[in-house]
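Please keep the sequence and the model in view while reading.

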Amino acid sequence: MLPVIALIGRPNVGKSTLFNRLTRSRDALVADYPGLTRDRKYGFGKLGPIPYLAIDTGGVAGGEEGVDEVTVDQTIRALQEADAAIIMVDGRSGLTAADEHVAELARRHAKKTWLVVNKAEGLDADVANSEFHALGLGEPIAVSAAHGDRIGALMDDVLSSFASPEAGSDDGADDDRELRIAVIGRPNVGKSTLVNRMLGEERLVVFAEPGTTRDSVAVPFERNDRKYVLIDTAGIRRKARVHEVIEKFSIIKALQAIEQAEVVIAVLDAQEGVTEQDVSLLGLVMERGRALVVVANKWDGLSAEQRRKVRDDLERRLPFLDFAERITISALHGTAVGDLLPAVERAFKAAMRDMSTAELTRELEAAVIAHAPPLVRGRRIKLRYAHQGGRNPPVIVIHGNQTDKLPEAFRRYLINRFRKAFKLKGTPVRLAFKKGKNPFAGRRNTLTPRQERKRKRLMKRVKK
Ligand SMILES: Nc1nc2c(ncn2[C@@H]2O[C@H](COP(=O)(O)OP(=O)(O)OP(=O)(O)O)[C@@H](O)[C@H]2O)c(=O)[nH]1
Ligand SMILES: [Mg+2]
């Protein structure tokens, strides 16, 4: 499980600014895809020693301004879902009644707290901090979220109190290892019905056990000599009323499941269409780089007209998911449920694909010949060679000149070329760009084709 960090504070102290910094993809591998919501409250982060999940909250007003009950409720819920809270105050405007109110919420609901004095750039840390000792939340830490000052040190401190997740589990390279599949989606889209269908009726009893909000149920099973684990994020069934599924939607729970799985099955309700929450959840799957199968459930009972509309909706609202297979099913009747595991296997295989430097570079060259990159101030952007920088998801590292000027449309063109050439259906693909003449100097196993040929020649000579 990733540690969950909630950011709380009164309005305008800089919570969202810090959240954006904490969840920004470090290497800017995630491109700006059209249709993808940028405005997030939940996100994966990796600034510091271990990865984590961050929650942004609305500002809690207090004192003279009066209390907004909805925001307070949401803040309390965030604190309950989180393992630690960063309480933010504003070092320029000083201590306010609202800060006291926020501190009180933190004392009551947070498991661990860090008091952070923001907007401290250019201020003496001791002076900025002095009046906030009164909040009784320990030694304040002066930072600047906007400038990034001391954010690294803050996260080192916050995260050092949590154990690092098991190393090496991300790759999933081991063939014997079970394939972990997370089933996610909004409440009532039919996740439990689907999971039961996939497992067979006899496993139903598993789901009668209550859990907590944070827990998902992990169910191992075997099919065709292959081991799987289904991670079901569906809600809790109270024993008293087994027939009624009481499902409390938690994005954090979904994110934890995405983190633990190699492949995600995202379930939508075809009768409801694609909702805002679906889009933002799917965006998070993509941002995390997980292989994905999109399932439109409740396909039964839709007219031809309605079906066309849902198909349109999927294209129009989820253009950033054009890489994923879409399967229409009826979990209730079992229609097409058998297509899911093969699709999951295809997506996983694509996510784990190995691509040689020679093949990648050949495809890059062909792409550039078919469609030349643009000129920037009279100089053509040069893309020279490519090699694989990771898998699950596949990362393709491209070396050249002025690569930071490459337009988004061209990046997408390249991704589509690689996708076709290497059959990367079902997985996000990431491009990383490197500038400079000889980035491979002194490194092993990352030679360009030309360097590789030279190395082989040299090796032959050495052997003689
Ligand atoms: N000088 C300075 N300004 C900052 C810093 N961090 C944020 N700001 C500014 O403070 C303002 C509020 O920032 P937000 O991140 O939106 O604050 P928030 O806490 O999310 O606000 P609410 O969501 O409305 O509660 C913006 O104008 C930011 O640019 C900082 O470190 N230094
Ligand atoms: Mg905000």
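A polar side-chain atom of S16 is placed 2.8 Å from an oxygen atom of ligand 1. The model is a predicted one, and the distances and areas given here are computed from it. The protein covers 67% of the 650 Å² of accessible area that ligand 1 has on its own.

**Ligand site**

- Ligand 1 is surrounded by 14 residues, of which N12, K15, S16, T17 and E121 are the closest.
- By class, this shell consists of 7 polar, 4 nonpolar and 3 charged residues.
- Helix α1, residues 15-23, is the element that gives the most to the shell, with 3 residues.
- A nitrogen atom of ligand 1 lies 2.6 Å from a polar side-chain atom of E121.
- A145 approaches through its backbone: one of its N or O atoms lies 3.0 Å from an oxygen atom of ligand 1.

- Strand β13 spans residues 291-297 and is mostly covered, with 7 of its 7 residues buried.
- In a regular strand, the side chains alternate between the two faces of the sheet.
- In β13, A291, V293, V295 and N297 point one way, whereas L292, V294 and A296 point the other way, and all of these residues are buried.
- Strand β12 (residues 263-269) pairs with β13 in the parallel sense over 7 bridges.
- Within this pairing, V295 of β13 has V267 opposite to it.
- Between β12 and β13 the chain passes through helix α8 (residues 276-288), and this β-α-β crossover is right-handed.
- Strand β14 (residues 325-328) also runs parallel to β13, to which it is joined by 4 bridges.
- The bridge partner of V294 in β14 is R326.
- From β13 the chain reaches β14 by way of helix α9 (residues 304-317), and this β-α-β crossover is right-handed.

- Why is strand β3 (residues 52-56) described as largely enclosed by the rest of the structure? The reason is that 5 of its 5 residues are buried.
- The cover extends to both faces of β3: Y52, A54 and D56 are buried on one side, and L53 and I55 are buried on the other.
- Strand β1 (residues 4-9) runs parallel to β3 and is joined to it by 4 bridges.
- L7 has D56 as its bridge partner in β3.
- Strand β2 (residues 42-45) runs antiparallel to β3, and 4 bridges join these two strands.
- G45 has Y52 as its bridge partner in β3.
- β2 and β3 form a hairpin with 6 residues between the strands, in which G48 takes a positive phi near 120°.

**Helix α6**

- Helix α6 (residues 191-199) is mostly covered, since 7 of its 9 residues are buried.
- The buried residues of α6 are K191, S192, L194, V195, N196, M198 and L199.
- G200, which comes just after α6, takes a positive phi of about 95°.

Terms used. Residues numbered from 1 in each chain as written. Chains lettered and ligands numbered in written order. Predicted model: local features only at pLDDT ≥ 70, side-chain atom pairs only at ≥ 80, totals over all residues. Heavy atoms only, no water. Near = heavy atom within 4 Å. Polar contact = N/O pair within 3.5 Å; in protein donor to acceptor, adjacent residues only side chain to side chain. Areas by Shrake-Rupley, 256 points an atom, 1.4 Å probe, with all protein chains shown as cover. Nonpolar A, V, L, I, M, F, W, Y, C, P; charged D, E, K, R; others polar. Buried < 20%, exposed > 50% of the residue type's maximum accessible area, 1.4 Å probe, protein only. Pairing = 2+ DSSP bridges. Right-handed = clockwise from strand over helix to strand, strands pointing away.
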